[in-house]
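Here is a short briefing on charged side chains and their partners. Look over the structure, then read on.

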Amino acid sequence: MNVPVGIEAVGAYCGSAYLETEDLFAARGLDAGRIGNLGLRRKSVAAPGEDVVAMAATAARPLVDAVDDKASIRTLLVATESPLDLSKAASTHVHQLLGLPRQCRLLEVKQACHGGAAALGLAASVVATEPGSRALVIASDTPVPTRGSYMEPAQGAGAVAVLVGSRPRVVELELGTTGCYGYETPDFFRPRPDVDVMDTDLSLMSYLDCLVGAFGDHAARKPGADFAGSYDLLAMHTPFPGMVRGAHRTGVRKLSGLGRGGEQDDFTRRVAQSLRFPEQVGNIYSATTLLAMISAVAGAPADRPSSMGVFSYGSGCASEFFACTVLPGAAELVARTGLERELAARTRLSVTDYDAAVDGAVAAGFGAEHAQVAADDLAAWGAGDRPRAVLSSVENYRREYRWLPAR
């Protein structure tokens, strides 16, 4: 008998401060006429000391605290493309901060923006072969913004955590029908933490090519699957909402029989809800597909299951299209995370304050040998009504973290 596998609980933390998109465009002298195409309202900003470890632990702590049998969490996967070390996995620090048992498999996962969804698939495979176990997946990214570029307004910061197990309450995953599509392409790479090399046109075309390819592989494994007709909801990797709009248009035209006249209504009905959180946070890279998923779940019907198709893309490139079922009551579980309230309570920064926060994060980021981090900014920002993890110091490359208590 097949045991159901899926997401039992979710958590998210997308920073305690934000920057208005319009403010950044004005300060950098960017063409404001392009804001509409981006579709972003704001971007989250990490405080000094909020690196990928701190963000990941903060996102996951309420979820872990609610688990009675912590020994059941036998796998911890942290996905990121903002690593802090070339050998030591970020998951080891997160494991310590969350007080998880030592009988726990610890890994860091990287495949650009596909890392979070890839980790979810790996976690589902582990749970399916280890009955009774759970896997905690956390995708977390705090990229160094490319100042003055058109990428900068989209470069957010945040983390999403999902607990994968055999008693799903949020989403049940459809095993065995995931479609994959990937190949080598130089659309985006990060040879140093502060250097993003991007071929924008190539990346956009690779994203669309992979959507068609991954869905085609999914449909080959699931005869009868139709892009427009098989899913009540769609969630896709969201580098910026305008990209998702274009991808949906491509999917409808190439993968379904829906006429062009129905594109807008279909987008509004099945896709728009998935953008509500991303448009306030920006691109959080490995975590963005998971954020789009829980955004879609937040608007799902409470009294009946909904089918959902999910497309994840990571530059380089690798992609997957998979199906799942959003379970009745899942929207209430997302609401209980308080994410929507936290997003509204973030502190608005000036561009000067934002630049200072970025400088502080870089000083204690990848490669830092010594650093002392004051948590004064973080302590004052946002709702602050739950514990937040923060880097306190770096001594001889050794990173020490602590919990900042709720105000």
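**Salt bridges and a buried arginine**

Aspartate 65 pairs with arginine 61 in a salt bridge, with the closest N and O atoms 3.2 Å apart. A salt bridge here is a side-chain nitrogen of Lys or Arg within 4 Å of a carboxyl oxygen of Asp or Glu. This is a predicted model: local features need pLDDT of at least 70, side-chain atom pairs count only at pLDDT 80 or more, and totals for chains, interfaces and linings use all residues. Residues are numbered from 1 along each chain as its sequence is written, and side-chain values use heavy atoms, leaving out hydrogens and water.

- Aspartate 65 is partly exposed at 47% relative accessibility (buried means under 20% relative accessible area, exposed over 50%, partly exposed in between; 1.4 Å probe, protein chains only).

**Across the sequence**
- The whole structure holds 24 salt bridges.
- Aspartate 51 and arginine 399 form one at 3.0 Å, N to O.
- Aspartate 51 lies in the loop between β3 and α3 and arginine 399 in strand β18, so the pair ties together parts 348 residues apart in sequence (helices are DSSP runs of H or I, at least four residues, and strands of E, at least two, numbered from the N terminus).
- Aspartate 51 is buried at 7%, and arginine 399 is buried at 9%.

**Arginine 386**
- Arginine 386 lies in the loop between α14 and β17.
- Its relative accessibility is 12%, so arginine 386 counts as buried.
- The side chain of arginine 386 reaches the backbone oxygen of alanine 12 at 2.8 Å.

Definitions and conventions:
Polar contact = N/O pair within 3.5 Å; in protein donor to acceptor, adjacent residues only side chain to side chain.
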